[in-house]
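Please open the structure in a viewer and keep the selection tool at hand. The stops below say what to select next and what is there.

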Amino acid sequence: MKHLGLLLCAISLAACKSNNQAAPEQVATTTEENKSDFILTFGSCNKPSKTNVLWDDVLDLNPDIWIWAGDNIYGDSQDMSKIKADYELQHQQNGYEAVVKNTKVIGTWDDHDFGKNDAGVEYPKKKESQQLMLDFFDVPQDSPRRTREGVYSSELFSTDKGSIKVILLDTRYFRTGITKADINGPQEGRTILGAAQWQWLTDELHNSTADFNVIVSSIQTLPKEHPYEKWANFPNERKKLFNLIAASKANNVILLSGDRHISEFSKLEQEGIDYPLIDFTSSGLTHASFNFKGEQNSLRQGEVVHTLSFGILAFDFDAQKVTMQMRGDNDTVQQELVQVY
C-alpha cells in the first residue's frame, strides 16, 4: 500500500481519544508527522448530469480506495436502457475517469441506482438492474456475484502493518416494502437484508481477522429521530445488527452511509462492544440540502455539513487510530473526528 502522508488540518488532534467538536472549515496542510497507512475515500448522491467538483480533491489525497455508498446515479426507471445510459454518462464525467485509473473503486447501491425512490423487494426490474450495476464496477461475467441475488460483497485490503475488510451491504434487493403510514406497525417478518444476506454477513464478521471492519450501508444505521429512510424504521433489524457485531467480536467495526444529502457523524456506546460504534454519513457529491434547517439526532457528534462533501478515513495501525474527515471543494476540511480503538 502507499503509506501516504494524510492531508490534515493544521491543528493536530492526534493526542485525543476522540474529537467530537466541529472545526471551522479550512484548507488542509501537509505535515510530515501525520502519516497514514491506508486512505479510504467514499461518497454518495451523485447525478452524472451535474458537474462533480470534488473528483480532483479526491485525487489530491491519492487514496487507496474509493467507495460508492449509493445513489451513484439517478436512474429511477424500469427502462434499463435509461439506467445503462446514466452509468455510461457517469464513466464520462469529468474527473471520474482519472479516479478509476488511479484508485481501486468498489461500491454498493441505494434506491436511485437500484431503480426507484425508496424501493425494495417489490421493484420488478431488480435482477436486470443488478447486472447493470455489476457492469459499472467491471465485475467479471463468470463471478459468483453475477448469479447471486443482491449486490452485497466484501473485500480484504492488506498492508504491511494491518488489514481492513470492507463489507458492502445491499439494503434494497430484499428489503420489505413499507409506507410512512405503517413504519410503526407490526415488525414481524420485516427485513432489510433478507435471510441469505444476513447469514453471509454473520459469516463475514465471525470469520474476520482484519484489524478494522468497515460496513457500508447505503442508509443510516445509528440515527433514530428523523422521518426518512434508516435502519431505525426496522428496529428489530437494527438491534440484530448491533447484536451481531457484539457477538462476532470483530475488530473495530466502523459504519459508513450516504443517502441523506447531508454529512454527519453519529456515535453510539453499545453494550457488548468495547469501542464506540460510529456511523459516518457522507452525502452528497453533486447536490446537497443547502437549505437544511436542522433535525434531531441525539447521537450526532459535531455539526451537520449540508454542502457538497465526500468522506475520508485515514488509518494508523500503530496507533490503532482512524481520522475521519468530511471534505469539500478546494481541499477544505469541513469537519473531523478522530477515534482511537
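Begin with the loop between strand 12 (277-281) and strand 13 (300-305), and select Gly 284, which is found there. The model is predicted. Most peptide bonds are trans, and most residues other than glycine have a negative phi.

The next stop concerns phi. Select Cys 45, in the loop between strand 4 (38-43) and helix 1 (55-60). Phi of Cys 45 is near 60°, which is a positive value in a residue other than glycine.

Now for pairs of helices. Two packed helices are described by the angle between their axes and by the distance between the axes. Select residues 80-92, which form helix 2, and residues 126-136, which form helix 5. The two pack at an angle of about 15°, and their axes are 10 Å apart. Angles under 35 degrees count as roughly parallel, and helix 2 and helix 5 are therefore roughly parallel to each other. Helix 2 passes helix 5 in a right-handed crossing.

Which residues of helix 2 and helix 5 meet? On the helix 2 side, select Met 80, Ile 83, Lys 84, Tyr 87, Gln 90 and His 91. On the helix 5 side, they meet Glu 128, Ser 129, Leu 132, Met 133 and Phe 136. Coloured by class, this contact of helix 2 with helix 5 shows six nonpolar, three polar and two charged residues.

Move on to residues 194-206, helix 6, and residues 235-248, helix 7. Their packing angle is about 25°, with the axes 9 Å apart. That makes helix 6 roughly parallel to helix 7. The crossing of helix 6 and helix 7 is right-handed.

To show this contact, select Trp 198, Leu 201, Thr 202, Leu 205 and His 206 in helix 6. They meet Glu 237, Lys 240, Leu 241, Leu 244, Ile 245, Ala 247 and Ser 248 in helix 7. The contact of helix 6 with helix 7 has seven nonpolar, three polar and two charged residues.

The last stops are pockets. Rolling a probe the size of a water molecule over the atoms shows where empty space is left. To find the largest pocket, select Asp 118, Pro 227, Tyr 228, Glu 229 and Asp 259, which lie nearest its centre among the 24 residues that line it. The volume of the largest pocket is about 500 Å³. Its lining has eight nonpolar, six polar and ten charged residues.

How much space lies in the second largest pocket? It holds about 220 Å³. Of the 15 residues that line this pocket, select the closest to its centre: Lys 104, Ile 106, Val 139, Arg 145 and Glu 155. Then show strand 6 (104-107), strand 7 (153-158) and strand 8 (163-168), each of which supplies at least two residues of the lining of the second largest pocket. Strand 6 gives the largest share of that lining, four residues. By class, the lining of the second largest pocket divides into seven nonpolar, four polar and four charged residues.

How values were computed. Residues are numbered from 1 along each chain as its sequence is written. This is a predicted model: local features need pLDDT of at least 70, side-chain atom pairs count only at pLDDT 80 or more; totals for chains, interfaces and linings use all residues. Side-chain values use heavy atoms; hydrogens and water are left out. Axes are lines fitted to C-alpha atoms, for helices over the stretch in contact, and angles run from 0 to 180 degrees between N-to-C directions. Angles under 35 degrees count as roughly parallel, over 145 as roughly antiparallel, 65 to 115 as roughly perpendicular and the rest as oblique. A crossing is left-handed if the near helix is turned anticlockwise from the far one by less than a right angle, and right-handed if clockwise. Contact means heavy atoms within 4.5 Å. Ala, Val, Leu, Ile, Met, Phe, Trp, Tyr, Cys and Pro count as nonpolar, Asp, Glu, Lys and Arg as charged, and the others, Gly among them, as polar. On a 1 Å grid over the protein atoms alone, a cavity is a set of points where a 1.4 Å probe fits but cannot get out, and a pocket is an open set with protein on both sides within 12 Å along at least five of seven lines; lining residues have an atom within 4 Å of a point. Grid points are joined across faces, edges and corners, and a volume is the space filled by probe spheres set on the points.
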